[in-house]
Amino acid sequence: TELNKLTNVEEENETKIKRVLKDLYMPVSIKGYDYWTLAIQIYKNGGKGKSMKGYIYPKVAKYFGKTTTQVERVMRFAVERVFDLCPQSTLEEVFGTSTNQCKGKYTNAEFLIKIAEII
């Protein structure tokens with residue numbers, strides 16, 4: 001049925017998202033991993049073009065029973081872990097040359113868009 005197809009597509013997307021996050025060395029054990037998995041799903045399912053603060057964070061916060069500020073911080077910490085743990089060659093392959101030390105790490109919005117492009 002149509003509902004089963006939708007569910008299968010969502011499950012496939014979640015699996016792809018989790019694989020990409022793991023490939024980027026985001027620790028599965030941190031809250032940010034789960035927040036990012038959901039945030040990317042929200043973005044891919046109608047959240048494109050909508051703001052992190054006005055749309056993505058509130059939806060993730062509501063789902064996990066947290067505040068938008070808590071969600072934003074936890075997600076930022078998870079991105080920082082990626083940039084701390086992931087080999088530079090992998091970062092350059094995924095994010096391009098914009099990961100140099102002078103520019104700094106991606107913002108949450110930049111990270112979200114880039115990961116969504118990959119999936």
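Reader: Let's begin with helix α5: which of its residues are buried?

Author: Happy to start there, keeping in mind that this is a predicted model. In helix α5, which spans residues 88-95, the buried residues are L91, V94 and F95.

Reader: What makes you say that these buried residues line one face of the helix?

Author: Look down the axis of α5: its buried residues fall within an arc of 75°, so they line one face. On the other side of α5 you will find S89 and E93, which are exposed.

Reader: And what do the buried residues of α5 pack against?

Author: They pack against two helices, α4 (68-85) and α6 (108-118).

Reader: Let's move to T37. Why is T37 called buried?

Author: The relative accessible area of T37 is 4%. Buried means under 20%, so T37, at 4%, is buried.

Reader: Where does T37 sit, and which residues is T37 in contact with beyond its neighbours within four places in sequence?

Author: T37 belongs to helix α2, residues 31-47. Leaving aside neighbours within four places in sequence, T37 is in contact with E14, I17, K18 and L21.

Reader: Staying with α2, how do you know that α2 is roughly perpendicular to α4?

Author: The two helices pack at an angle of about 105°, and their axes are 8 Å apart. Angles of 65 to 115 degrees count as roughly perpendicular, so α2 is roughly perpendicular to α4.

Reader: Which residues make that contact?

Author: From α2 come K31, G32, Y35, W36 and A39, and from α4 come V71, V74, M75, A78 and V79.

Reader: How do the residues of this contact divide into nonpolar, polar and charged?

Author: The contact of α2 with α4 has 8 nonpolar residues, 1 polar and 1 charged.

Reader: Finally, the chain as a whole. What pattern does the protein chain follow along the sequence?

Author: The pattern reads α-α-α-α-α-α, with 6 helices and 0 strands.

Reader: How much of the protein chain is buried, and what is its accessible surface?

Author: Of the 119 residues in the protein chain, 37% are buried. The accessible surface comes to about 7100 Å², and 50% of that belongs to carbon and sulfur atoms.

Reader: And which share of the contacts joins residues at least 24 apart?

Author: Among contacts between residues at least 6 apart in sequence, that share is 57%.

Conventions
Residues numbered from 1 in each chain as written. Predicted model: local features only at pLDDT ≥ 70, side-chain atom pairs only at ≥ 80, totals over all residues. Heavy atoms only, no water. Buried < 20%, exposed > 50% of the residue type's maximum accessible area, 1.4 Å probe, protein only. Contact = heavy atoms within 4.5 Å. Areas by Shrake-Rupley, 256 points an atom, 1.4 Å probe, with all protein chains shown as cover. Arc of directions from axis to C-beta. Axes fitted to C-alpha atoms, helices over the stretch in contact; angles between N-to-C directions. Parallel < 35°, antiparallel > 145°, perpendicular 65-115°, else oblique. Nonpolar A, V, L, I, M, F, W, Y, C, P; charged D, E, K, R; others polar.
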